[in-house]
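Here are some exercises to work through with the model open beside you. Try each task before reading its solution.

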Amino acid sequence: MLVIRSCSWVKLWGNSHPVRWSLPQVWAPRSPHRGLRTSPCTSKHYSFFKELDREFVKFQKKLKESLPSNDWSLLSPTASLPPERADVVIVGGGVIGWSVAYWLKKLENRRDGLRVVVIEKDPTYAHASTVLSAGGIRQQFSRPENIQMSLFSAQFLRNINEHLGLVNEEAIDLQFNPSGYLFLASEDGASVLEENYKAQREQGAQVALLAAEQLKKKFPWICTDGVALASYGLENEGWFDPWTLLNAFKRKAQSLGVYQSHSQVIGFKQSLREMTTEDGESVNFRRIRHVVVQVPSSPETHSVECALVINTAGAWSGRVAEMANIGTGDPGSLEGTKLPIEPRKRYVYTFHCPDGPGLDCPLLIDSSGAYFRREGLGGNYIGGLSPTEEEEPDPGNLDVDYDFFQQKVWPLLARRVPAFESLKVRSAWAGYYDYNTYDHNGVIGNHPLVHNMFFASGFSGHGLQHAPAVGRAIAELIVHNEFKTLDLRAFSFKRFYTEEPVLERNIV
């Protein structure tokens, strides 16, 4: 697992007062959850990362002179132009990006100690994953870390006005529907559902297992054919309005002094230092010194001098990483290890069925993978299905394929809920998953070679619900140099190189 360990202190000059924190070091101890393999390959990885650790000590002595100076521009940045210098540049202004910004200001050592800039290319959020999601939150995961993040986020959302409320402003209403998630399993999947249930209960999630007879009694509108077992969330599960949460994080962060820039990151300026390992392997350390942005409808580019960059670009995080030369080295090497995140298009269909489940309707995930939930009142619902690898649609646009619903989704919904045989599709939209092709889980932490780039992306559909927890985790790494609230070391970038996937069974 990746561990962040403090080393010598350096200063970041964000204003006339110095703010101190220690930049992270990477090392590779034995995981408390999962032992490192004792194969020669793993031993080599361990030795390699230990050597990186030693070299970081030498490397960081040169950092101070390259950090932003204290001669800040007196001109206030516009909504498009970012300031000339910043301590932290966040690439991507979705809910995770603004969550990171909020928690950085919340945890900073002194008020106005950190200059934080959020760069978002689309101020309308027309293509943003945050606002195009189904807005669900659940504790029913298989990984303990994912369950813990959901529990943290649920508590945060329950008390959202204590965290994100503004003086003299109306209370934040997330329009939360506490109707729970309902997972259905066939005979083949029942044992996995039971194992997941045990993991969830061990972490404190309130979940119940229902046999087919119990399921039919509680939800008479369900056809239980082929259902061997069901798992139902009793609290802290349901759905809410993503747009409201995004704006709540954004407004609160801005009230704390976070800058926003409506521009697009087009590249980075980096410094390079070459290291030769004991095995004679050449490794290049890179440090991002400037973020290069372009304002919409303008040929001009602007450069932001910075100390740290947070990659929260969602479905485009992989492209942002490539701009920083991540994954551009020789295949099989750490320099050649890519950030395996790419955009995947997902359809969400809105349909009407006056004789459907009604108010007594959870967010149901069928054993086939099809899902649906109630949408407001009056017999309206939304639903969909993740396509197979062979059926993946073109992510180059957000056009909707209505035939996919007719041929793939509708038959599955009608088989599970007979009333849906008479449903009528009213509309649909498409959004992007920031899809981690390696193990479908998020990437949290810094890169071992481009050490001042941090990642918070790749959540493959559950980023919205984990945003409060992920934002705090990244802020803790930067301010405290370690995870304080939740131990999320398992989600480090290093796992892609050491070939240790973090598998999650409950991906919807």
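**Exercise 1. The chain as a whole**

Among contacts in the chain with a separation of 6 or more, what share comes from residues 24 or more positions apart? Then describe the fold's make-up and how far to trust it.

*Solution.* Start with the contacts: residues 24 or more positions apart account for 74% of those with a separation of 6 or more. Next, count the elements, which come to eleven helices and 22 strands. Then look at burial: 58% of the 508 residues count as buried. The accessible surface is about 21,300 Å², and carbon and sulfur atoms hold 48% of that area.

Finally, check confidence, since this is a predicted model. The average pLDDT is 87, and 84% of the residues score at least 70. Two stretches call for care. Residues 1–42 have a pLDDT below 50, with 125 contacts in the model beyond near neighbours in sequence. Residues 59–77 are also below 50, and this stretch has 43 such contacts.

**Exercise 2. The nonpolar cores**

Find which residues touch the most other members of the largest nonpolar core.

*Solution.* The largest core holds 56 residues, and those touching the most other members are I90, W98, L104, L164, L245 and I444. As for who contributes, helix α10 (residues 463–480) gives the most, with ten residues. Now zoom in on I90: leaving aside neighbours within four places in sequence, its contacts include L104, V116, V118, I119 and I310. G97 and T312 are also among the contacts of I90. Apart from this core lies another, of 34 residues, including L132, Y232, Y347 and F372. As background, nonpolar side chains tend to be buried together in soluble globular proteins.

**Exercise 3. Charges over rings, and positive phi**

Locate where K121 and R138 lie relative to aromatic rings, then say which loops hold Y125 and N236.

*Solution.* K121 lies over the face of W316, 4.8 Å from the ring centre. The charged end of R138 sits over the ring of F141, at 3.9 Å from its centre.

For the backbone, recall that most residues other than glycine have a negative phi. Y125, in the loop between β6 and β7, has a positive phi near 60°. N236 likewise has a positive phi near 60°, and is found in the loop between β10 (229–233) and β11 (238–239). N236 counts as buried because its relative accessibility is 17%, and the cut-off is under 20%.

Key:
Residues are numbered from 1 along each chain as its sequence is written. This is a predicted model: local features need pLDDT of at least 70, side-chain atom pairs count only at pLDDT 80 or more; totals for chains, interfaces and linings use all residues. Side-chain values use heavy atoms; hydrogens and water are left out. A charge sits over a ring if NZ of Lys or CZ of Arg is within 6 Å of the ring centre and within 35 degrees of the ring normal. Helices (H or I, at least four residues) and strands (E, at least two) are DSSP runs, numbered from the N terminus. Buried means under 20% relative accessible area, exposed over 50%, partly exposed in between (1.4 Å probe, protein chains only). Contact means heavy atoms within 4.5 Å. Accessible areas come from the Shrake-Rupley method with a 1.4 Å probe; for residues, only the protein chains shown count as cover. A nonpolar core is a set of buried Ala, Val, Leu, Ile, Met, Phe, Trp, Tyr and Cys residues joined through side-chain atoms within 4.5 Å. pLDDT is the predictor's confidence in each residue, from 0 to 100.
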